[in-house]
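Here is a short briefing to read alongside the model. Have the sequence and the 3D view open, and let's walk through a helix pair and a ligand site together.

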Amino acid sequence: MSIRIENLSYVYMKGTPYEKIALNNINININKGEFVGIIGHTGSGKTTLVQHLNGLLKPSAGKISIDGRDVTGENIKELRKQVGIVFQYPEHQLFEETVYKDVAYGLLKQGLPEEEASRRVIASVRAVGLNEEILAKSPFELSGGQKRRVAIAGVLAMEPEIIVLDEPAAGLDPKGRSDILGFISKLHKESGLTIILVSHNMEDIVKLAERVVVMNKGSVAIEGKPKDVFCNTQLLEEIGLSAPQVTYFMHKLKDVLPSVNTNILTVDEAKTEILKALGVCK
Ligand SMILES: Nc1ncnc2c1ncn2[C@@H]1O[C@H](COP(=O)(O)OP(=O)(O)OP(=O)(O)O)[C@@H](O)[C@H]1O
Ligand SMILES: [Mg+2]
């Protein structure tokens, strides 16, 4: 499913002294099956933007269409079947007494028979790498990483065509981060779903996204392939972001190894480039 966001603006608490323009004339197109990363410093409007995709927020101005159909005119139930959002804070998504009930929640709300719901719950819990034993536990006994996985399982169970993950790795330790991100990457490769990943973290976005949208103060500051976006270190810094650490490393290395290419975003690319510059390999 393709998404078209046209001249989208959103104002919180419009008409009050607390009025806040959170999004200002956003235009983004996302193709079917694409993996798009949304990055930006805190308060830049990332969460506000993605909450429009399944009708949680309604545009103050502009329009969002999915496969050509305006989402504001869509039946919310239908829309939530198509677009699944894993929230920034999994605690906001998990509220039932057991993991089973949480993962089944949306399915039962859609009116799915218990048997089919149960089949999907088990399949999606397994798909996120959890053991079925977790189903009987309370979501509140889970670790941070397990909570994220359960929240993702609840969204996968709905079999959406578009999945939005809002900071899915925030607050996890390095192993938890790489597990979750590895899972998301595998999901994209195997399922061909359209994935939108919101993150503060350059390294994560670089590893996964095919296209990056950089948000700044409610607007799109830069958009393009990771290489084109992240190698523009000056512009990133102007808006309070930074390129991946390894990119800075390559810039420093160039002082002593002038032939090295600094247009590098990952450690693996750096390794290849350095070996090449040293004449160890081509
Ligand atoms: N419910 C709300 N009421 C009023 N203002 C809000 C509300 N939610 C967000 N805002 C404001 O809207 C702006 C955008 O917030 P948003 O949560 O979309 O940013 P974000 O990029 O997701 O930030 P973070 O990286 O911290 O998650 C911020 O200035 C924020 O203070
Ligand atoms: Mg946010």
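## Helix packing and a ligand shell

In this predicted model, helix α3 meets helix α4 through Y100, V103, A104, L107 and L108 on the α3 side and A117, R120, V121, S124 and V125 on the α4 side. Sorted by type, the residues of this contact are 8 nonpolar, 1 polar and 1 charged.

**How α3 and α4 pack**

- The axes of α3 and α4 lie 9 Å apart, and the two helices pack at an angle of about 125°.
- Because of that angle, α3 counts as oblique to α4.
- The crossing that α3 makes with α4 is right-handed.

**Helix α3 itself**

- Helix α3 covers residues 99-109, and its buried residues are V99, Y100, D102, V103, A104, G106 and L107.
- Among the elements that cover these buried residues are α4 (114-127) and α5 (144-156).
- After α3 comes G111, which has a positive phi, near 90°.

**Around ligand 1**

- Ligand 1 is surrounded by 14 residues, and the closest are Y12, T42, K46, T47 and T48.
- Two elements, β2 (20-30) and α1 (46-50), each give two or more residues to this shell.
- Which element gives the largest share of the shell around ligand 1? That is α1, with 3 residues.
- By type, the shell around ligand 1 holds 9 polar, 3 nonpolar and 2 charged residues.

Conventions. Residues numbered from 1 in each chain as written. Chains lettered and ligands numbered in written order. Predicted model: local features only at pLDDT ≥ 70, side-chain atom pairs only at ≥ 80, totals over all residues. Near = placed C-beta within 6 Å. Helix = DSSP H or I, 4+ residues; strand = E, 2+ residues; numbered from the N terminus. Nonpolar A, V, L, I, M, F, W, Y, C, P; charged D, E, K, R; others polar. Buried ≥ 20, exposed ≤ 12 C-beta atoms within 10 Å, placed from the backbone. Contact = placed C-beta atoms within 7 Å. Axes fitted to C-alpha atoms, helices over the stretch in contact; angles between N-to-C directions. Parallel < 35°, antiparallel > 145°, perpendicular 65-115°, else oblique. Left-handed = near helix turned anticlockwise from the far one by under 90°.
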